[in-house]
Amino acid sequence: MSAQQPDDVYTHGHHESVVRAHASRTAENSAAFVIPHLTPGVSVLDVGCGPGSITCDFAEMVAPGRVAGLDRSPDIIAQAAALAAERGVDNVDFATGNVYDLDFPDESFDVVHAHQVLQHLTDPVAALREMRRVAKAGGIVAVRDADFHGMSWYPAIAELDDWMDLYQRIARRNGAEPDAGRRLVSWAQAAGFTDVAPSSSNWLYATGQQRRWQARVWGERVLHSSFADQALEYGFASEADLARISAGWHRWGSTEDGWFLIPNGEVIARA
Ligand SMILES: C[S@@+](CC[C@H](N)C(=O)[O-])C[C@H]1O[C@@H](n2cnc3c(N)ncnc32)[C@H](O)[C@@H]1O
């Protein structure tokens, strides 16, 4: 059990615009690097599972193996449990919990996974140590995180530069690391893993539908989610700034040739 349990601020929060984006994730589009390890009978812990769409995909892949989905937010865990019921997935259990202090004995799971979670923590190395504790000997810890400064887009839109600057400032003010992707190898080594396999994969928004979706997600989040609350509370932006950045997102979304690339770092670390 971890000695440290920081009370981190989760930068995105759980506004409907955020959760809708997370709920569109699948094992194929967000955790392809883990799929080769998800054979029938394998046990999985998905830490920071959010609305549970990836977790339910994992459960279908490993059945009759058991899957545990865990998140700090009770509201989001209720949504994940509702999704499992709706999809008829019965080999998954969702519960609230904290990655720094997992309520499982040592060596409980074959696969311990966290998607887009470490970037929000003030102590990702402590989290990885705790994930390692509950992984079976010979099992794996699998993590994937975006790298914000690695994101690139076209055309150049000044408001998107302002959005990036604001996101970086808010996340860092929360003690988190938005450029997590490039640090995963380093964090895994610091957590004591000696067998670390890195990879990377992208999310790309470059068709009309993808552009409109991504622009709507961030156009709304900038105005209504915890991002907006924190930007105002920390004195980093005014409501007029947020309205301008949101409009910039929609302008990018209505281009005919726009491109937005999100690179993600990945690590499979053997316990
Ligand atoms: C960006 S979301 C990712 C959700 C999901 N893994 C996905 O990719 O769709 C990060 C999630 O981590 C959760 N989280 C943040 N800090 C946590 C902690 N200390 N312990 C457990 N979950 C945490 C948040 O509540 C949030 O649901």
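1. The side chains of R183 and E177 form a salt bridge, with N and O 3.5 Å apart. The bridge falls inside the cut-off, because a salt bridge needs a side-chain nitrogen of Lys or Arg within 4 Å of a carboxyl oxygen of Asp or Glu. Keep in mind that this is a predicted model.

2. Are these two partners buried or exposed? R183 has a relative accessibility of 30%, so R183 counts as partly exposed. E177 comes out at 13%, so E177 counts as buried. The reason is the cut-off: buried means under 20% relative accessible area.

3. A network of salt bridges links R172, E177, D179 and R183. Look for these four residues together in the 3D view. How many salt bridges does the structure hold? The count is 15.

4. Next, take E60 and R87. Their side chains meet in a salt bridge, N to O, at 3.1 Å. E60 sits in helix α3, residues 53-62, and R87 sits in helix α4, residues 74-87, so the bridge ties together parts 27 residues apart in sequence. E60 counts as partly exposed because its relative accessibility is 46%. R87 also counts as partly exposed, at 30% relative accessibility.

5. Now compare a pair between strands. E266 and R144 join their side chains in a salt bridge of 3.0 Å, N to O. E266 belongs to strand β8 (residues 259-270) and R144 to strand β5 (residues 135-146), so this pair ties together parts that are 122 residues apart in sequence. Both E266 and R144 are buried.

6. D8 deserves a separate check. D8 is placed in the segment before α1 (16-23). D8 is buried, yet D8 has no salt bridge. Which side chain of opposite charge is nearest to D8? That is R72, 5.3 Å away.

7. D8 does have polar contacts. The side chains of D8 and Y100 are joined by a polar contact of 2.6 Å. A polar contact of 2.6 Å also joins the side chains of D8 and T122. Trace both contacts from the D8 side chain.

8. Turn to the ligand. Which residues come nearest to the ligand? They are R25, G48, D71, V99 and H115, out of 18 residues around the ligand.

9. Some of these residues place polar atoms by the ligand. A backbone N or O atom of G48 is 2.7 Å from a ligand nitrogen. A polar backbone atom of V99 lies 3.0 Å from a nitrogen atom of the ligand. With H115, the side chain takes part: one of its N or O atoms is 2.6 Å from an oxygen atom of the ligand. How much of the ligand does the protein cover? On its own, the ligand has 600 Å² of accessible area, and the protein covers 98% of that.

10. Y154, L204 and W259 make a nonpolar surface patch of about 300 Å². Y154 is in strand β6, residues 152-154. Y154 is partly exposed, with a relative accessible area of 46%.

Terms used. Residues are numbered from 1 along each chain as its sequence is written. This is a predicted model: local features need pLDDT of at least 70, side-chain atom pairs count only at pLDDT 80 or more; totals for chains, interfaces and linings use all residues. Side-chain values use heavy atoms; hydrogens and water are left out. Patches are made of residues with over 30% relative accessible area and no salt bridge: like charges are joined within 9 Å, nonpolar side chains (Val, Leu, Ile, Met, Phe, Trp, Tyr) within 5 Å. Accessible areas come from the Shrake-Rupley method with a 1.4 Å probe; for residues, only the protein chains shown count as cover. Helices (H or I, at least four residues) and strands (E, at least two) are DSSP runs, numbered from the N terminus. Buried means under 20% relative accessible area, exposed over 50%, partly exposed in between (1.4 Å probe, protein chains only). A residue is near a molecule or strand if one of its heavy atoms lies within 4 Å of it. A polar contact is a pair of N or O atoms within 3.5 Å; within protein, one must be able to donate a hydrogen and the other to accept it, and residues adjacent in sequence count only if both atoms are side-chain atoms. Lys and Arg count as positive and Asp and Glu as negative; His and the chain ends are not counted.
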